Amino acid sequence: MSSGYYEFFCPVKVLAGHHALEQVPFELATLGVKRPLLVTDAGVRRAGLVDVVVAALEAGGLKAVPIFDAIPPDSSNTVVAKAAELSRDHRCDSLVALGGGSVIDTAKAVNVLTSLGGDDIHAYAGSGKIARKLTPLFVLPTTSGTGSEVTNISVVKDELTGLKQSYQSPFLMPDAAVLDPRLTLGLPPFFTAATGMDAMTHAIESYVCMQKNPLSDAFAVKAIEKIARNLVLVLESPKDAEGRLELAQAATFAGIAFSNSMVGLVHALGHTTGAVAHLPHGVCMSVFLPYVLEFNLDVRRDAIGELLLPLAGAEVFARTPVPERAAASIAKIRKLRDELYRLAELPRTLAETGKVKRGDLPRIAELCVDDAALAMNPKDVSRAEALAVLERAFG
Amino acid sequence: MGATDPTVPFATDATPRRPVPYGAERLYVKTLLKLVAGLLEAVSETDEVVAAEVAGLPDGLLAEMSVFGAPDVGLRVQVRGRRLVAQDFEGASDEQAPRIEIVFKHITNAFLVFSFQEGTAVAFAHGRMVVEGDLAHAMRLVRCLDRCETIVLPKLIAERAVKTLRGLPLAEQLPLAARTLGSLARVLVKGIR
């Protein structure tokens, strides 16, 4: 689809590559930072990554960095308030987030409270409530999937209602994303596969959905190419630092792409299935991706066909006749999912997850049509159509 | 001298001209938004599909559509049970009610949408407008608007306005459109308060 008009925004400085961590103290200093709060989770600490980061910061002159490591996988407004309190107690002037999506989203919310005041992040819920620049936030992702290091959104659970609340503002964007292969080397195979497919879905939906534009396309294509070339290789050789770095970059590129072009039906189904059946987001993305591409095929055959180049390489692309390219792209994604099932037991159908019952599907379909991600899907989706996709994905 | 003379920068016949003056766009959009508000009320009375969608929205919800830089141009409808009730956009509104606001960033953006040159979803994708409020409710309201356009507009125009046209059989559309337009007439005669 040609863009009659588009907007693109990404003010995040990316520090990517070997010894990227060692660049952090200098970059923090350029922003006037003297005492950052390091926020992370217990798993990251147990993996020894906190020690690696603290050592790099201290060697760069940032001594006795306070640490908040009590962020659960599904973080909440209470956790945000506790971390903000610790930051105030230590008179911190910035944040360094070390972890996956939950840690990064929590750090963004903490930054709102410490910069703008208050104890209840709820007061800033929705879009446009954060009215000015926050204190510096550096993000060090330990998974290669969410892209949250370059997005303007934070999602935090409300402990009272149990519902996820989103916060959106350009001021939520971190100041820097630090991609160092040491941070993802120890990621277990299942999470490597699931987060890799999360990033793959970000990139593919960005390329296929309505808000795509030339800049988001460039980031999406490069992300798809890196994941297609490296995800299976990294699962076969988990200590492959080059491959890990490629995946980390791919996740960031995909994050830049989708935060400027939005996503579609895969995410709408994923959000609602995740809420109903408590399935990890990356698993939902991997399960739904080929079925949604088939659903969108009649209105996006060209774009899906173009994806064959980054998915399969120039040789396969060149020898595949144009009318067959879209089907070949989807077949390539199915083949990748088979490999991920073999190497990491990443489910390919809802039945394989063991957590979704066929009887859940109508409720998921009902919730799905109200999900905002559908706004940019290239086709409208009725309840019956959402249910049909869910039935096919059930297996 | 003209545009073909390379020695003359910004030759007069190269100056972009507006096909429709801003003032005319403003008048057109203001009128159309009033009609759309009335149509939403009317279709929630005549069409069971729209009524069922409205029933899923919180009672009292205010939905507003406005244009940045044009404070007198806009529409406001309020959810009352299974019905949408059009309200006077320039009148006072319930400040405590939950609210969804769709704001066009310029009068021209609204003109492109309401003259069916750009579909609503495409305009949103192009960043021509912003939505504030509960997005799940906004999705439901968009479905109401799409259904309304499918009922009252000829197919040729409706397919430019909505993302995916779910056309009705003519035998179903024509009586429904007639009832909806009749209901619209009643709303307009009664006046939007």
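In this predicted model, helix α6 (residues 189-208) of chain A and helix α13 (residues 325-344) of chain A cross at roughly 160°, and their axes come within 9 Å. Because angles over 145 degrees count as roughly antiparallel, α6(A) and α13(A) are described as roughly antiparallel to each other. The crossing of these two helices, α6(A) and α13(A), is left-handed. On the side of α6(A), the residues that take part are A:P189, A:F190, A:T192, A:A193 and A:M197, and they meet A:L340, A:L343 and A:A344 in α13(A). When the residues of this contact between α6(A) and α13(A) are divided by class, seven are nonpolar and one is polar, with no charged residue.

At the level of domains, the assignment for chain A gives domain 1 (13-183) and domain 2 (193-394). The centres of domain 1 of chain A and domain 2 of chain A, taken over C-alpha atoms, are separated by 27 Å. Contact between the two involves 17 residues of domain 1 of chain A and 20 residues of domain 2 of chain A. On the side of domain 1 of chain A that touches domain 2 of chain A, at least two residues are supplied by each of β1 (13-16) and β9 (176-179) of chain A. That side of domain 1 of chain A is made up of seven nonpolar, nine polar and one charged residue.

A further helix pair is found in chain B, where helix α1 (residues 22-46) of chain B packs against helix α7 (residues 170-190) of chain B at an angle of about 125°, the axes being 8 Å apart. With this angle, α1(B) is therefore oblique to α7(B). The crossing in which α1(B) passes α7(B) is right-handed. Residues B:G38, B:L39, B:E41, B:A42, B:V43, B:E45 and B:T46 in α1(B) meet a set in α7(B) that consists of B:L176, B:R179, B:T180, B:S183, B:L184, B:V187 and B:L188. Sorted by class, the contact of α1(B) with α7(B) contains seven nonpolar, four polar and three charged residues.

Between the chains, 15 residues of chain A are in contact with 13 residues of chain B. Within chain B, the elements that give two or more residues to the side touching chain A are α4 (120-125) and α5 (135-152) of chain B. By class, the side of chain B that touches chain A comprises seven nonpolar residues, together with three polar and three charged ones.

Methods: Residues are numbered from 1 along each chain as its sequence is written. Chains are lettered from A and ligands numbered from 1 in the order in which they are written. This is a predicted model: local features need pLDDT of at least 70, side-chain atom pairs count only at pLDDT 80 or more; totals for chains, interfaces and linings use all residues. Two residues are in contact if their C-beta atoms, placed from the backbone, lie within 7 Å. Helices (H or I, at least four residues) and strands (E, at least two) are DSSP runs, numbered from the N terminus. Ala, Val, Leu, Ile, Met, Phe, Trp, Tyr, Cys and Pro count as nonpolar, Asp, Glu, Lys and Arg as charged, and the others, Gly among them, as polar. Axes are lines fitted to C-alpha atoms, for helices over the stretch in contact, and angles run from 0 to 180 degrees between N-to-C directions. Angles under 35 degrees count as roughly parallel, over 145 as roughly antiparallel, 65 to 115 as roughly perpendicular and the rest as oblique. A crossing is left-handed if the near helix is turned anticlockwise from the far one by less than a right angle, and right-handed if clockwise. Domain bounds come from an automatic or database domain assignment.
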